[in-house]
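Dear colleague,

Please find below the structure that I am handing over to you. My findings follow directly after it.

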Amino acid sequence: MKRFISKTVIFIIPFLLLYIITLLFFTVNTGDLLRIGFIPSTDKKYRQNFTLYNHEMKFTELSKSKEKTYKILTIGDSFSEQGKSGYQNILANDFSILHVDRFISNNQIQKLVELSNGNFFDTYNIQYVILQGVERDLIDDIKNIDNKSRTNIHQIDSIIINHKPEHNKDEYNFFSRTTLRFPYYALKYFTDKNYLSNEQVYNVELNTKSLFSNNSNKLLFYYKDLNNTGQNNLPENAIKLNRILNNISEKLKEKNITLIFLPSPDKYDVYYDYIVDKQNLTKPIFFDNFKKLNKEYSYINSKEILTEELKNKKDIYYFDDTHWSPIASVIIAQKIKEIIISHK
């Protein structure tokens with residue numbers, strides 16, 4: 001019996017050590033890049049820098065809306081799902097905001113086409129629509145656009161009624177893929193430079209420590225930022241996107257609604273000029289191409305705005321996340337506010 005126990009202990013101890021390392025440094029609650037890239041969370045106080053921005057939720061989600069009149073409708077991806085610290089919540093200090101939940105919108109460009117074709121804007125009284133989309137996904141999102149498809153109010157009601165919130169899939173237990181793999185990549189974080197962690201997150205060296213409040217000279221970014229740069233750089237894709245947005249804008253104008261397009265630059269794009277070794281790292285030029293096009297809608301050149309702010313402010317994007325921080329949300333919200341005020 002003792003021999004069996006001894007063998008069991010010998011077998012268990014390595015897994016126990018791996019589990020302890022994972023327990024101490026793996027995060028499931030904050031920093032999506034840390035989570036999916038198996039990057040160790042070494043600065044537990046980093047997110048405390050942003051607690052001042054966690055105000056009361058002031059905007060309304062479509063799934064919970066009771067009123068039918070709002071100044072602004074927002075529809076977008078995860079950059080529009082930042083809750084209390086998001087740009088909508090800041091705008092809600094000055095305007096009434098209705099936000100289309102992510103589980104309703106999915107591909108937000110396609111969904112806005114469908115809402116414009118349906119009876120949504122006959123039911124809801126809206127003056128401005130903010131269409132937000134992250135740079136890496138914009139061209140993918142327009143590959144199969146159906147300009148004639150429509151979504152009506154009863155379909156939205158059905159989606160809301162049948163929606164079941166997803167449970168957190170990133171939890172781990174004693175014997176799990178995460179427990180086995182995380183310690184390896186955690187060590188790699190401290191020993192290697194310019195590599196892809198867990199096939200999901202690039203970790204590259206920056207030429208300065210002044211861009212993040214944790215004084216790191218590392219840049220973490222999602223692999224799709226780089227993978228999709230090639231197709232996003234093609235001028236014809238920017239032209240196609242602009243044509244689709246012009247068409248949406250024309251439909252909205254018929255309903256006396258102004259379209260504001262807010263592309264969210266990839267973290268890779270925003271910090272590209274600060275990367276030390278750019279070998280095999282394609283320079284993103286989507287915003288350069290898009291800027292030249294004639295637009296029938298209001299356009300926020302967020303890359304131009306935010307890269308300028310990098311010169312004076314830290315943490316424009318979170319160090320540990322794909323998203324911009326509340327600092328950027330404030331800047332973007334102010335720009336949107338200026339556009340709306342100028343239309344009055």
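The second largest pocket of this predicted model has a volume of about 270 Å³. Its lining is made up of 15 residues, and those nearest the centre of the pocket are D273, D288, K303, E304 and T307. Three helices, α13 (267-270), α14 (286-291) and α15 (302-309), each contribute at least two residues to this lining. Sorted by class, the lining of the second largest pocket holds seven charged, six nonpolar and two polar residues.

I would also draw your attention to one of the sheets. Strands β5, β6 and β7 form an open sheet in the order β5-β6-β7, and their pairing is antiparallel. The edges are taken by β5 (195-197) and β7 (218-222); each has a single partner strand, so one side of each is left without a neighbour in the sheet. On average, neighbouring strands of this sheet are turned by 30° against each other, direction ignored. Between β5 and β6 (residues 201-205), the antiparallel pairing runs over three bridges. Within this pairing, Y195 stands opposite N203 in β6.

Finally, some values for the chain as a whole. Its secondary structure consists of 16 helices and nine strands. The chain has 344 residues, and 52% of them count as buried. When contacts between residues at least 6 apart in sequence are considered, 77% of them join residues at least 24 apart.

With kind regards

Definitions and conventions
Residues are numbered from 1 along each chain as its sequence is written. This is a predicted model: local features need pLDDT of at least 70, side-chain atom pairs count only at pLDDT 80 or more; totals for chains, interfaces and linings use all residues. Side-chain values use heavy atoms; hydrogens and water are left out. On a 1 Å grid over the protein atoms alone, a cavity is a set of points where a 1.4 Å probe fits but cannot get out, and a pocket is an open set with protein on both sides within 12 Å along at least five of seven lines; lining residues have an atom within 4 Å of a point. Grid points are joined across faces, edges and corners, and a volume is the space filled by probe spheres set on the points. Helices (H or I, at least four residues) and strands (E, at least two) are DSSP runs, numbered from the N terminus. Ala, Val, Leu, Ile, Met, Phe, Trp, Tyr, Cys and Pro count as nonpolar, Asp, Glu, Lys and Arg as charged, and the others, Gly among them, as polar. Two strands pair if DSSP finds at least two bridges between them. Axes are lines fitted to C-alpha atoms, for helices over the stretch in contact, and angles run from 0 to 180 degrees between N-to-C directions. Buried means under 20% relative accessible area, exposed over 50%, partly exposed in between (1.4 Å probe, protein chains only). Contact means heavy atoms within 4.5 Å.
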